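Thanks for passing this one along. Here are my notes, point by point, to read with the structure open beside you.

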Amino acid sequence: MPGGSAAPKNGQELTRAVAALGKELDLEVHEQFEVARRLWGAKRRIDILLIHNPTRKTLGIECK
């Protein structure tokens, strides 16, 4: 696999890498952002939320 030795080993490492990349790209970065509630009432969180401030376009990312 290309880049295998440089690939993140777990979800937390991937979350940190994605957050760092978002900051490099001058995006607003939120980690463990609460987005909704599940049918049974539990809070639903997404790993990374990236926001492009001029357009307010938003991208939610789950890091597994």
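1. A word on contacts before anything else: two residues count as touching when heavy atoms lie within 4.5 Å. Please also keep in mind that this is a predicted model.

2. Leaving aside residues up to four places away in sequence, Ile 48 touches Thr 15, Val 18, Ala 19, His 30, Glu 31, Leu 59, Gly 60, Ile 61 and Cys 63. Ile 48 also belongs to the largest nonpolar core, along with Val 18, Ala 19, Val 29, Leu 50 and Cys 63, six residues in total. Helix α1 (11-24) and strand β2 each contribute at least two residues to this core.

3. Next, the helix. With 14 residues, α1 reaches 20 Å from its first C-alpha to its last, close to the 20 Å expected at 1.5 Å a residue. Which residues of α1 are buried? They are Thr 15, Val 18, Ala 19 and Gly 22. These residues lie on the same side of α1, because the arc they cover around the axis is only 100 degrees. As a reminder, an α-helix has 3.6 residues a turn, so residues three or four places apart point the same way.

4. Just after α1, have a look at Asp 26, which takes a positive phi of about 60 degrees although Asp 26 is not a glycine. Its place is in the loop between α1 and β1 (28-37). Is Asp 26 buried or exposed? Asp 26 counts as exposed, because its relative accessibility is 68% and the cut-off for that class is over 50%.

5. Now the hairpin. Strands β2 (residues 43-52) and β3 (residues 57-61) pair in the antiparallel sense, over five bridges. His 52 stands opposite Lys 57 in β3, and the hairpin has four residues between the strands.

6. The loop between β2 and β3 holds Arg 56. This is a residue other than glycine with a positive phi, near 60 degrees. Arg 56 has a relative accessible area of 49%, so Arg 56 is classed as partly exposed; the exposed class begins over 50%.

Methods. Residues numbered from 1 in each chain as written. Predicted model: local features only at pLDDT ≥ 70, side-chain atom pairs only at ≥ 80, totals over all residues. Heavy atoms only, no water. Pairing = 2+ DSSP bridges. Core = buried A, V, L, I, M, F, W, Y, C linked by side-chain atoms within 4.5 Å. Buried < 20%, exposed > 50% of the residue type's maximum accessible area, 1.4 Å probe, protein only. Expected span 1.5 Å × (residues − 1). Arc of directions from axis to C-beta.
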